[in-house]
Amino acid sequence: MTATAQGYVTVIWDAKARPGREADLKAFITAAVTPSRNDPGNIDYEAHEVEGCPGEFVIYERWETRAHLDSHLAAPRMRELVPQMLGLIDGSIEDGIRLLRPFRPAN
C-alpha cells in the first residue's frame with residue numbers, strides 16, 4: 001500500500017480491560033470493528049488480543065487522510081460508544097492512542 005497524496009494515517013490503540021471486564025471489552029471491540037471498516041476513508045481496521053495477556057487489546061487502523069479519521073471519531077455512534085468504552089477500559093482512551101504517518105526511503 002502506498003500513501004495517498006496527503007499520506008494515510010495509521011492509528012495504534014492499546015487498551016486494557018478493567019479487572020473482570022475482559023470478556024465485555026472483547027465483545028465491545030468485536031461489535032465496533034465492522035461499522036468502523038465501513039466508514040468512508042477506512043483502509044484497514046483490525047482488532048487483536050495480545051497473546052498471553054487476556055484483556056489486553058491492540059486496534060490497528062489506517063485511514064486515507066486525517067480528515068477521514070476525524071470524521072470517524074466525530075460520528076454519532078462514536079459519541080454513544082465512548083462512555084460505554086470508558087466503563088470497560090483501565091485508564092483513558094487517549095493514553096493508548098498513537099498516531100503514525102508513513103514515510104519511505106528515497107530509493
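R62 is buried at 11% relative accessibility, where buried means under 20% relative accessible area, exposed over 50% and partly exposed in between (1.4 Å probe, protein chains only). The model is a predicted one, in which local features need pLDDT of at least 70 and side-chain atom pairs count only at pLDDT 80 or more, while totals for chains, interfaces and linings use all residues. Residues are numbered from 1 along each chain as its sequence is written, and side-chain values use heavy atoms, with hydrogens and water left out.

R62 forms a salt bridge with D44, a salt bridge being a side-chain nitrogen of Lys or Arg within 4 Å of a carboxyl oxygen of Asp or Glu. The structure holds 7 salt bridges, among them these:

| Pair | Closest N and O atoms |
|---|---|
| D44 and R62 | 2.5 Å |
| D39 and R77 | 2.6 Å |
| E49 and K26 | 3.0 Å |

D39, in the loop between α1 and β2, and R77, in helix α3, are 38 residues apart; D39 is buried at 14%, whereas R77 is partly exposed at 25%.

Helix α1 comprises residues 22-37, helices being DSSP runs of H or I with at least four residues and strands runs of E with at least two, numbered from the N terminus. L25, F28, I29, A32, V33 and S36 of α1 are buried. They cover an arc of only 150 degrees around the axis, taken from the directions from the helix axis to the C-beta atoms, and therefore lie on the same side of α1. On the other side, A23, T30 and A31 are exposed.

How values were computed:
Expected span 1.5 Å × (residues − 1).
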